[in-house]
Number of protein chains: 2
Amino acid sequence: MTQPYTSATESHEASMLSRKFGQEIVNYFSSSPLNRVSFLRSNTAFLRAALPRSKFLLLRDLEPLAASKTTLAWVGYETVRTLVGSPFDTEQEEFLRGYDSRVEIPTLVFLGIDEGVVGGGQGSGDGERFEFEGEGGKYVGRPCFALDVTDKGSLGEECRKVQEEAVEGAEGREFRKVKLDLSLAPPDAAIFAQARSLLDWNNRNQFCSACGARTVSTNAGTKRTCPPSDKALQKNPEDPPFERPPCVSRKGIHNIAFPRTDPTVIMAIINSTGDKVLLGRQRRWPKDFYSTLAGFCEPAESVEDAVRRETWEESGVHVGRVVIHSTQPWPYPASLMMGAIGEARPDGEGIVLKHDPELEDAQWVEFGQVRRALEGNTGTPEVEVEGAAEGQLRLPPSTAIAHQLLLAVVNGFHLAKP
Amino acid sequence: MTQPYTSATESHEASMLSRKFGQEIVNYFSSSPLNRVSFLRSNTAFLRAALPRSKFLLLRDLEPLAASKTTLAWVGYETVRTLVGSPFDTEQEEFLRGYDSRVEIPTLVFLGIDEGVVGGGQGSGDGERFEFEGEGGKYVGRPCFALDVTDKGSLGEECRKVQEEAVEGAEGREFRKVKLDLSLAPPDAAIFAQARSLLDWNNRNQFCSACGARTVSTNAGTKRTCPPSDKALQKNPEDPPFERPPCVSRKGIHNIAFPRTDPTVIMAIINSTGDKVLLGRQRRWPKDFYSTLAGFCEPAESVEDAVRRETWEESGVHVGRVVIHSTQPWPYPASLMMGAIGEARPDGEGIVLKHDPELEDAQWVEFGQVRRALEGNTGTPEVEVEGAAEGQLRLPPSTAIAHQLLLAVVNGFHLAKP
């Protein structure tokens, strides 16, 4: 399912970069067709005009409403109106001044503008043309939001109603577990990834990590703000806004107010003679399933350093030079996988699993065996592969960056070429 | 100050990767000489044995105690004993059961083992040999911790005492603002970066973002845990532990419990004829100071996508293919900069600053002019360059990845080579 980056390819056939780099690899879950127009998220005039003419992706327990195995389903404003209301009728500053922690607000996230579907598409009411005249020019397309309709809290009943109406809106619609088979078409997978990561981040950040007070979603779901006052603390409705204790997050810019993305490394490590690659397996994976090693980047660690550290900690192998191949967002919950290719040091190829006993096994596997598995025996750890022969190496599917890294290695990405 | 990755270079002269990739670029703030041995952070037996034989880097308001402009200063356990105590005498589970939110605990972070300084070095008591026999083998060297001695809260007086004793410990010692001139030697800069990012993260995460209750540092400063009970809530000291309300963060693994690192992109964008590079400047920078464009990665965005989005949002330029050059940790507070080189689409080179008016200016600058500035007119935005001619392009210093990206571009990194 991984596709080359095509939107710029045609005009780049003879470009400077392409001579050396060839086509850029675009991994699954990346390259959303939406224009995020991130600068419009705090533009209330834009949001107010856009909302009733937008399409909405619904998520229940972080899984999307889908029209089929490959396609997301969208609903129009009419389906979500009673749940969502008109949150952008109030300027953000005024909204924060009137903040009341007793009032539950549905989690609604602006994803971006779908510039491609005007005049067609699978959504509700596609074909409507929406235009917004901004400082930098005209922004045209269908605005897209993600909405959490999980049945919980005081909004539970309203959410259930929206779920029902949406599912009944067209045949075959259901909330689908995407990770199970990664069968969503790449553009839809990228949109879902953005929606899932942002809804999950909002869910996990209901309180301010600096002061412990309740936070509220701002900038159309892409920021969490610790409001300076709370009506729930007022004794009489006529009193002035009840001020909360000071919080450092209200002054200046703080990363804790913005969505969190966790950089991780995933690496194909080649032996020093260039004919084997290091693979490992976790205990919970099916028998015969192996993949490249991976782990989280730490603060003040370059990607290259993290590749060396994680490889040594998990397998005992010492890695020298590291180069980055491509990257892949992974929305469980919000990882950014940096795919790298590294080379073991000739004196450091011995495998030691006991530093950090995370892996059940790690092995040096010959390129030929890897190539055969990539061609004939791949799948996610979660799904049984039909007709897979027992005792044969099984590798991740092409939607996983691990697969792309292994493909690059067995195809000689690391070798000198004229 | 940026050095090639040398520890593996000698044995790699004739390696497979080096033919294509040459030397890996190691950026400032990366490649710490410490072995993080991350799997030992939860090993109380190790921590208990290591603590009294460790060296400590002190930070005040997130700036380190330094021996000179280039070198960090370290103190021994005797200097910090009254402040730090013996936190690892209790197993973590027992410690959490006895948690009392009224008791302030100094922020102490295990950085790793300095395997190089045994027998010498600038610290207090270097030459001591510490060994720990673990499952995966023997770990040998000087354990290193970072300790926050900022004068605040109930520990303020104790912190002031430690500061004074440490500064008086040797001539020339002072708490130095590192960012001002980035003059710390690269290995010391990398250690400081880790210390600063982790202390800052602990400071900003005193409360659980999932439930709002106070958190406590665990895993030697590399995790924040939301304890299940709190003695402060007991009425009588004889009562059983007072349970706090359930919190989702106590079940399973959650990213909110672990240090946060923010992936950012920074990119040298080349025009389609390959002779100019896109530079921009922020309002607050000195006159004539320019750099490459940069911005934060968003959830569910690949690095390549983020480069295209940020470039378009800030400058209006449409980017095609993107490749990643190298990465740099930036501990203000905890960014991971992904340095990339991208190519503008021939039909998308027009500059528009008004989408997101973050930049004061953006320009296409000829390689020759960039080369001259890299050679003769660089510095941080914070420091006046002596003798800098007015009206001449000024660029970031070699410690900044922006400089390395521009150097790569003017030296033909993007051109095909045999």
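A: Let us begin with cover: a residue is buried under 20% relative accessible area, exposed over 50% and partly exposed in between, with a 1.4 Å probe and protein chains only. Helices (H or I, at least four residues) and strands (E, at least two) are DSSP runs, numbered from the N terminus. This is a predicted model, in which local features need pLDDT of at least 70 and side-chain atom pairs count only at pLDDT 80 or more, whereas totals for chains, interfaces and linings use all residues. Residues are numbered from 1 along each chain as its sequence is written, chains are lettered from A and ligands numbered from 1 in the order in which they are written, and side-chain values use heavy atoms, without hydrogens and water.

Q: How many residues of strand β4 of chain B are buried?
A: Strand β4 (residues 55-60) of chain B is mostly covered, five of its six residues being buried.

Q: Which strands pair with β4(B), and in what sense?
A: Two strands pair if DSSP finds at least two bridges between them. In the parallel sense, β4(B) pairs over five bridges with strand β10 (residues 142-148) of chain B, where B:Asp148 stands opposite B:Leu59. The pairing of β4(B) with strand β6 (residues 75-76) of chain B is antiparallel and has two bridges; there B:Phe56 faces B:Val75. Strand β5 (residues 63-66) of chain B is also antiparallel to β4(B), again over two bridges, and B:Glu63 in β5(B) is the bridge partner of B:Arg60.

Q: How is chain A divided, and what does it contain?
A: Domain bounds come from an automatic or database domain assignment. By that assignment, chain A has domain 1 (21-257) and domain 2 (262-410). The chain contains nine helices and 19 strands, and 59% of its 418 residues count as buried. Contact means heavy atoms within 4.5 Å; of the contacts in chain A with a separation of 6 or more, 69% are between residues 24 or more positions apart.

Q: How should I read the interface between domain 1 and domain 2 of chain A?
A: The size of an interface is often given as the accessible area lost when the parts come together. Buried area here is the accessible area (1.4 Å probe) that two parts lose on being put together, summed over both. The buried area is about 1,500 Å², with carbon and sulfur atoms giving 64%. On the domain 1 side, A:Asn27, A:Phe29 and A:Lys179 lose the most area to domain 2, together 38% of what that side buries.

Q: What is a salt bridge, and how many does the whole structure have?
A: Side chains of opposite charge can pair when their charged atoms come close. The criterion is a side-chain nitrogen of Lys or Arg within 4 Å of a carboxyl oxygen of Asp or Glu.

Q: Where does the pair of A:Asp200 and A:Arg204 lie?
A: The side chains of A:Asp200 and A:Arg204 meet in a salt bridge of 2.7 Å, N to O. Because they are four residues apart in helix α6 (residues 186-204) of chain A, about one helical turn separates them. A:Asp200 is buried at 7% relative accessibility, and A:Arg204 is buried at 16%.

Q: Which salt bridge crosses between chains?
A: One of them links B:Arg36 with A:Glu298, the closest N and O atoms being 2.9 Å apart. This pair runs from the loop between β3 (34-35) and α2 (44-50) of chain B to the loop between β16 (293-296) and α7 (303-315) of chain A. Both B:Arg36 and A:Glu298 are buried.
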